[in-house]
Structure formats: C-alpha cells, structure tokens
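Work through the exercises below with the sequence and the model in view. Each task is followed by a solution in steps.

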Amino acid sequence: MSVTIKDVARSCGMSISTVSKVFNGYPDISEATRRQVMEKAHEIGYRPNALARALKTNRSFNLGVLFVDENISGLLHPFFAAVLNAFKAEVESRGYDITFINHNIGTMDMSFLEHCRYRNVDGVCLACVDFYSSEVVELVNSDLPCVTIDHAFENRASIISDNLNGVRMLVDRAVALGHRRIAYIHGQRNSSVTETRIRGFCRAMQQHGLSLPEGYVVAGRYDDFETIRGSLVALLDRPDRPTCILLPDDASYFGALDTIRERGLRVPEDISIAGYDGIRSVRAVRPRLTTIQQNSDAMGRQAALKLIDRIDHPATAISDSTLIPVTLLEGESLGAAPQGESKK
C-alpha cells in the first residue's frame, strides 16, 4: 500500500492541512515545520503526486534556468556552476524542480519564452547569458516571474555581486603594497559585470591619484586564457611594464603563471597577480592567488528565494536588486612592489 499524506500528517503529529501546505509551497509555513515534514516524508517513503498538485494549485512547481555562456562550458563553468548548484539546492528544498531552457525540443526550434511556456514553468532564473539579446529581453519583459543574476533590468528582480567594491579592494591592496603601475585585463564588453568592474578599476586608480597609461586596460575573455595570453604578453613586453596585473577571473591564473615563468619572471617578486571569483580549483596553486571571493552560495540561494517570492506574492514582491558582498582573499601572488618601483 502506498504512503499517503495522511500517513505523513500522523507521523508528524500535524494536521493534514498543514502538511498539505508544506507540499504545496504555501508561504505561511515556518522553516522548522517545512523541514520536519519533508524529512518525515522522505523517511516513510511518501512521494507527492506532481500532476495532482499541479491541477490543484494551477502551478507546475517547475522553475526554468536559462544559462548559455559563450564558451559553451555549461555546468563545468567554475563560478556559475556553484551559483546554480546553490539555486538548485534551495528550490528543491522548497518542493520545486528545475528545467534548463534552450532553443530546441527535439526538432522544434523555439524562443526562450516559447520554451518556458512549453514546459509550463512557474518562473525562470537567468544567469550568464547575453542579457542584451532580443530573446532574453522578450523573456524578461513577459508576464513570467524572472530573476536575473549579475545583470539588472529596470523594474525587475536581480541578484548582483558587488563587483564595483571588489575591484576597488584589489586596487587598494595593491597600492598599500607599494604598486603604482597597475594594469587590468578585463572580460568581454557585452556584460554589465565587465563594465562595472572597469568603472570600479578606473575610479579606484583615480582616487589614489594614479595614472593609467594607454594599453593598461586591455580586453580578454572570461574563462578562456588563450584569448587573454596576447594581452598578458603585450603587458609583460612593455618598457613600462606594470608591477601588478589584475586578471578577469581566477581560471586565468593557471595560464598566466606559465606565461610569466616562460619569460623568466617570478610571481610575486617581479610581477604581482590578482584574480577574481574565489573558485576552489585555484586554491592548490602556489603561490596562492590573491583574489576576490564572490559568494556563489548566497547568490544562488537569494535568487531562488527572490524568484519564489515573486511566484507566491506577485502583487507585493519587490522588483529590486539584491547586492551580495564580496571578500578579499589574501594570497602570495600579490606581494610588495619591486624595490624602487613604489616611488615612481
């Protein structure tokens, strides 16, 4: 005989209506009650009927995730994989499934919004996409509840990492160590993250009264060192070589170390390096990378909570941006400026 909702209620010592509210995602249930019910349901083998729940609530309890990075790294992406994992954990703990949104279902070609309609998702989280594309704008401007990560649309909910402050913290630390010639290799420009970081870098340099020679702010690509190598080599070969270079992300550090060593230079004795993201895989590299750690767990979970709030309370949910603080992780790759350089 299958386990019923009555069995769960009896095991928890709660009313059937309370247990039903937990399974149906009602917001007026405490976290402790929700956790107790879900744990007991799992313990005694109760499996709610998704179809019956959808018919009763007029909701699918299915959330879409739109994640299309230009390097086609998918869930191997070192930063966004952690963000989406936290998002997945939070929504699943609240009774939701997730579906990845794309263009194709079998042989059918459809827009992102059409796919969302086809899968009958209750809402969608957008991360690491071209937020300026017409398809993405169409989706965000639809009546479907949405939350964006690291990009803000007007009057739409978003989760933003504090990129402006993160780059400032790196510049402040480099200046404190005596660096005056600081260069920045940034990611691709079709991203508000990049534009914010460039603005933060230039502003921090200006606040410290430091000049930016032409060619000290150069383009690269996130998570793609081959496109960064040329910019790094150009900086290393300059007669006014910078004493400190900020990379667009931590993943670039692996290739940067090799390139710097190929030129007979040492990190940080001859040149200092800093990254951005705080990914785990780079922590074993020596010298340890000085970087900005983004709070991927908080970003993913806050995106989940914000999206579910918009689904549960469409009339009262606030369409604002939530700023997630970042942390400076000290390593050995950012050291004191070479002797004599700090006075130039």
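A residue is called buried when its relative accessible area is under 20%, exposed when that area is over 50%, and partly exposed in between (1.4 Å probe, protein chains only). The model is predicted, so local features need pLDDT of at least 70 and side-chain atom pairs count only at pLDDT 80 or more, while totals for chains, interfaces and linings use all residues. Residues are numbered from 1 along each chain as its sequence is written, and side-chain values use heavy atoms, with hydrogens and water left out.

**Exercise 1.** Classify the ring pair of phenylalanine 67 and phenylalanine 80.

Step 1. Rings of Phe, Tyr and Trp (its six-membered ring) pair if their centres lie within 6.5 Å; planes under 30 degrees apart count as stacked, over 60 as edge-to-face and the rest as tilted.

Step 2. The centres of phenylalanine 67 and phenylalanine 80 are 6.1 Å apart and the planes meet at 50°, so this pair is tilted.

Step 3. Phenylalanine 67 belongs to strand E1 and phenylalanine 80 to helix H5, 13 residues apart; helices (H or I, at least four residues) and strands (E, at least two) are DSSP runs, numbered from the N terminus.

Step 4. Both phenylalanine 67 and phenylalanine 80 are buried. Together with Phe79, Phe67 and Phe80 form one aromatic cluster.

**Exercise 2.** Which members of the largest nonpolar core touch the most other members?

Step 1. A nonpolar core is a set of buried Ala, Val, Leu, Ile, Met, Phe, Trp, Tyr and Cys residues joined through side-chain atoms within 4.5 Å.

Step 2. The largest such core has 25 residues, and Leu63, Phe87 and Ile149 touch the most other members.

Step 3. Elements that supply at least two residues each include strand E1 (62-67), helix H5 (80-93) and helix H12 (296-312). H12 gives the most, with 6 residues.

**Exercise 3.** On which side of helix H6 do the buried residues lie, the same or opposite?

Step 1. In H6 (residues 112-119), Phe112, Leu113, His115 and Cys116 are buried.

Step 2. These residues cover an arc of only 160° around the axis, which puts them on the same side of H6; the arc is that of the directions from the helix axis to the C-beta atoms.
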